[in-house]
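Please examine the sequence and the structure shown below before reading on.

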Amino acid sequence: MTRQVTARIAGAFEHPQRKIPGKTVPQVLAEVAYGALADAGLSLSDVDGFFCSEVPGLGSIAMADYLGLDNLSYVDVTEGGGASYVMHAGHAVAAVAAGKCRVALLAMAGLPLSGTRSGGGERGPDHPYESAYGVTVPAGYALAAQRHMHEYGTTSEQLAEVKVAAAHHAQFNPNAVLRKPVTIADVVESPLISDPLHRLDCCITTDGGAALVIVAEDVARSLPGRTVKILGHGEAVKHSAAGGIDLTYTGAALSGPRAFAEAGLTPRDVDYVSIYDSFTITVLMSLEDLGFCEKGKGGTFVTDGTLQGPDGRLPYNTDGGGLCNNHPDFRGGMVRTVEAVRQLRGEATPEIQVPGARIGLVQAHGGSLGFRTAAATLLLGTEDA
Amino acid sequence: MTPEDPVLDRFREALSAGRLDLPRCTACGALVWYPRARCPHCMSESLEWEALSGSGTVHSCTVNRRGQGKYAGADPFVIAYVELAEGPRVLSRVDGTTHIGMPVRLTHGLDDEGQVRLTFERDPDVKESS
């Protein structure tokens, strides 16, 4: 069955560098934005929708100026941390469906290694109640991991499987930061950062950026192939619930079913997943919450090479993910989406191209699983899906 | 300049007197963590401060071995969620070896600079339920 959709991803671009000295964030944004437009076979004058968050300047305005976006009829500066870009993709489809724009450009970039950090916005109302504890990003996720282990018996060795699969994939990606395969022992014997998370349970920090171009169906039909259908989208905010925080699930438990319902698909239909792997626990919990296995059984599910491409039951993050390849600006949603696009176009690295991949899922999270998060899910399909 | 925050001031005032007080909504009865001016369950603006026991159980915990910023030299230290006897799960520090299910009691509410840092220790008077 060939599905009718509202919009497709027509262009995708990931900056090839992971440390980018001597360039500004706007310059890197231009490189990825223009890269994605060139990939789509479109030009600046075609762009009428612009989706971004935490780019330099006020909202989208300064970067629209810098990039030369002269025909904007729709902008969206939705902020959801690393999930922002997957939210933007869903919002772009809605905007196209409403007739607000036909060619949407989504772009992100950041240079944390080169000293330029994104803002982070005004402090939240939680700040006076949470800021004097010395909570780091790993510590927040560790609180979720520890409770998951307590409730379900998840082990460090099971979490390590998530890293082992990512490292297996990264060896085939010449741009990846960490290209050396690792063993379960390597992960569990690496230094503890915040118990139970070891150094190798944590993602890397990189400079970089990525961009996507999402177009209306009539625009897609005028382009020379290689588009990816957007079949479904869901998003959610999961927070600390006024003292009732549940650390054992992620916002994917909410965003996932919404995306599957919109697409008319189930987890069994999915050939490939991109999951924002801020930490190994994020992937394991997401897989459960998305319904790829029973809740609490993620540890068992990921063992025995389930996640390893190209032949595992559910290959994930075949570029090496944020654990090994790329995690620009501490925000993984966009680069994870780009790898899903590669898989569905059949353009992933040959060693890990999933044979016959037709349906891909992207899951992103922003914020911290230990506190409050935005979550977004995309279901994507090949042109004949 | 930090804007006025009477709710935060009231919360810290109790902590500096050795009490853990939280707002309880008089309309729906919910105890609210973290403190705020309106009830996030029923929107009521009628909340009354209630003194809590300061007792709880460790709900989750981690040893942070890599403190950052001003906590860089202070590691390792335990960060936890403590489930208070009255219900809310609150971000906490716990002194000493800590595990999930361990009964704890509040020892401090503020750090040296007067910032909120609920700090607990093992409660020797409470037997851990298995």
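This is a predicted model: local features need pLDDT of at least 70, side-chain atom pairs count only at pLDDT 80 or more; totals for chains, interfaces and linings use all residues.

Chain A contains an open sheet of 9 strands in the order β3-β2-β4-β7-β1-β8-β11-β10-β9, with mixed pairing. The edge strands are β3 (74-76) and β9 (272-275) of chain A, each of which pairs on one side only. From one strand to the next, the twist averages 25°. In general, the strands of a sheet pair through backbone hydrogen bonds, either parallel or antiparallel.

Strand β9(A) runs parallel to β10 (residues 359-367) of chain A, and 4 bridges join them. Within this pair, V273(A) stands opposite L361(A) of β10(A).

Both of the crossing helices also pack on the sheet. Helix α3 (residues 84-97) of chain A touches several strands, including β1 (7-14), β4 (103-110) and β7 (208-216) of chain A, and its direction makes about 165° with that of β4(A). Helix α13 (residues 333-345) of chain A touches β1, β4, β7, β8, β9, β10 and β11 of chain A, and its direction makes about 175° with that of β10(A).

Two cis peptide bonds may be noted. One joins G309(A) and P310(A), with omega about 0°; P310(A) lies in the loop between α11 (298-301) and α12 (321-325) of chain A. Another joins W33(B) and Y34(B), with omega about -10°. Y34(B) is placed in the loop between β1 (21-25) and β2 (47-51) of chain B.

Positive phi values also occur in residues other than glycine. A242(A) has a phi of about 50° and is found in the loop between β8 (228-238) and α9 (252-263) of chain A. Phi of N317(A) is near 40°, and N317(A) lies in the loop between α11 and α12 of chain A. Are these residues buried, partly exposed or exposed? A242(A) is partly exposed, because 17 other C-beta atoms lie within 10 Å, whereas N317(A) counts as buried, because it has 30 C-beta neighbours inside 10 Å.

## The contact between the chains

How many residues of chain A are in contact with chain B? There are 26, and they meet 34 residues of chain B. On the side of chain A that touches chain B, the elements giving two or more residues are α4 (127-130), α5 (137-152) and β5 (192-194) of chain A. The largest share, 6 residues, comes from α5(A). The residues of this side of chain A divide into 14 nonpolar, 8 polar and 4 charged.

Methods. Residues are numbered from 1 along each chain as its sequence is written. Chains are lettered from A and ligands numbered from 1 in the order in which they are written. Two residues are in contact if their C-beta atoms, placed from the backbone, lie within 7 Å. Ala, Val, Leu, Ile, Met, Phe, Trp, Tyr, Cys and Pro count as nonpolar, Asp, Glu, Lys and Arg as charged, and the others, Gly among them, as polar. A residue is buried if 20 or more other C-beta atoms lie within 10 Å of its own, exposed if 12 or fewer, and partly exposed in between; C-beta atoms are placed from the backbone. Two strands pair if DSSP finds at least two bridges between them. Axes are lines fitted to C-alpha atoms, for helices over the stretch in contact, and angles run from 0 to 180 degrees between N-to-C directions.
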